[in-house]
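Hi,

Here's the structure I promised to pass on. Have a look at it first, and then read my notes below.

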Amino acid sequence: MNRTTWIKGGLALMLLGTTLSGGSFDSAQAASTQKQNDFYNVIMQDGADPFMYRHADGYYYYTKTTGGNVTLWKSKTLTGVDAGETRVIETGGQNVWAPELHHIDGAWYIYYAKDDGDNANHRMYVMENRSLDPMKGTWTDKGPITDSTDRWAIDGTVLKARGELYFIWSGWEGTENVQQILYIAHMSNPWTIDSPRVEIARPEHDWETNHTPYVNEGPQVLTKGNDISVVYSASGSWTDDYSLGLLTAKKSADLLDPASWTKRPDQVFKTGNGVYGPGHASFTKSPDGREDWIVYHAAKRQGSGWDREVRAQRFTWNADKTPNFGTPANPNAPIELPSGEPERDRYEAEDGRLAGTAKVSRHQDSSGGAKVGYIDTPDSYVEIDVNVKKSGTYILYARTGNGTEGGDWSTLKLSVDGGEPSDFFVTNQGWDNWGTSTQKMSLSKGKHTIRFAKGNGYAELDGFDLFRIGK
């Protein structure tokens, strides 16, 4: 679960109001590049409890914990979601955690937990929107969704099996925060539970009970044929031990019978490859529908607790129709793009022109083995010439670093062709521990100069990808 109560604005600042004309420099000056079909897999440099859904309209819809509201993102690509269109929906509550967006029987539903400022009063709620596009239309509050016990509840999700709806969530057995248990109940419609809650999992293994209170939370559903997998998060979300576990059942079984559910004795996804505390995952498809992808949060660095980022990687299936997540992808090795995503041009910062105190440094974890740092004075910058083959909307997907003392966010001043600079936000997660900053912009066919100059705090640039979306 996430206890962060704010969202950093401006991570995908829009430059769409102005189409930028090509610069006057000669094409020989453009930085050397080549088409890439891979990426570094941080898709949001800050955030937790990600939920991503690819709809039949070809768009990705995404949400995460943002504090007092529910914020939706809409994107044509999985990797470009941070630069997507956004809509903020107010909830009237506090400590809004782990919202999810579901499309059920022709309508959109948001499920989320909120309280009145007292964690003991956390309950699940639901909103409905009957518009074709959840970014439009009216979101109607359908009120709390609870069983007859009306106990503490978070992380609700929906399972549809054999034409019936079920609600699965994490809750307290009593009125005290001793442990979080996974419950299931039948739903008469997308906003109403009409059966008693039934326990299907509680913390029992060593890796689920190594921190107090004991935690089973964040259930998510995967189905394959007659097989149901409920992937859940266990251990303390504030620790590096946070990980994923697995429950299985058959669609043909009585899903309200605890005996129908089997828990795996070991984690199915855990800390590894320098990625700590991976958990609270959701699942989606590649743009062409051919691949399965897990979207999850992880600690920004070892021991960073609730300071987290969002990552994505492909997963496969075991012979028994359960998901095989493998290990977290190496953060310093690019992985293949989701199938159907546009290739991108990659530009290395060390190939740019430098001014002021900016300089190139070698580092083994940098793309191309080098980075640009020390952009420390008002006259300091790195600028890179790019060649745009076709006019349109582009996403700039930059690998950025910030280890400024004090832990605050930093900014670089990003400008194109000498235009008005905008703030380009870089989260603080330590030097040479790279995140991803994104920005959407409209570019005309031709050559452009992109400049990263001194902003607030201090930040480094490893390089960036540039790729076109839409028409």
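Let's start with a sheet. Four strands make up an open sheet in the order β5-β6-β7-β8, and their pairing is antiparallel. At the edges sit β5 (51-54) and β8 (85-90), each of which pairs on one side only. From one strand to the next, the twist averages 20 degrees. Keep in mind that this is a predicted model.

Now zoom in on β6 (residues 60-65) and β7 (residues 69-75): they pair in the antiparallel sense over 6 bridges.

How many cavities of 30 Å³ or more does the structure hold? There are 4.

The largest cavity has a volume of about 90 Å³. Its lining includes Y40, R346, E348, R399, T436 and D462. Two or more lining residues come from each of β27 (344-348), β32 (392-402) and β37 (460-469), with β37 giving the largest share, 4 residues. Sorted by class, the lining has 5 charged, 4 nonpolar and 3 polar residues.

The second largest cavity comes in at about 50 Å³. Among the residues around it are Y40, N41, V42, R399, W434 and T436. Which strand gives the largest share of this lining? That's β35 (residues 430-443), with 3 residues. By class, this second lining has 4 nonpolar, 3 polar and 2 charged residues.

Cheers

Key. Residues numbered from 1 in each chain as written. Predicted model: local features only at pLDDT ≥ 70, side-chain atom pairs only at ≥ 80, totals over all residues. Heavy atoms only, no water. Pairing = 2+ DSSP bridges. Axes fitted to C-alpha atoms, helices over the stretch in contact; angles between N-to-C directions. 1 Å grid on protein atoms, 1.4 Å probe; cavity = no way out; pocket = protein on both sides within 12 Å on 5 of 7 lines; lining within 4 Å. Points joined across faces, edges and corners; volume = space filled by probe spheres on them. Nonpolar A, V, L, I, M, F, W, Y, C, P; charged D, E, K, R; others polar.
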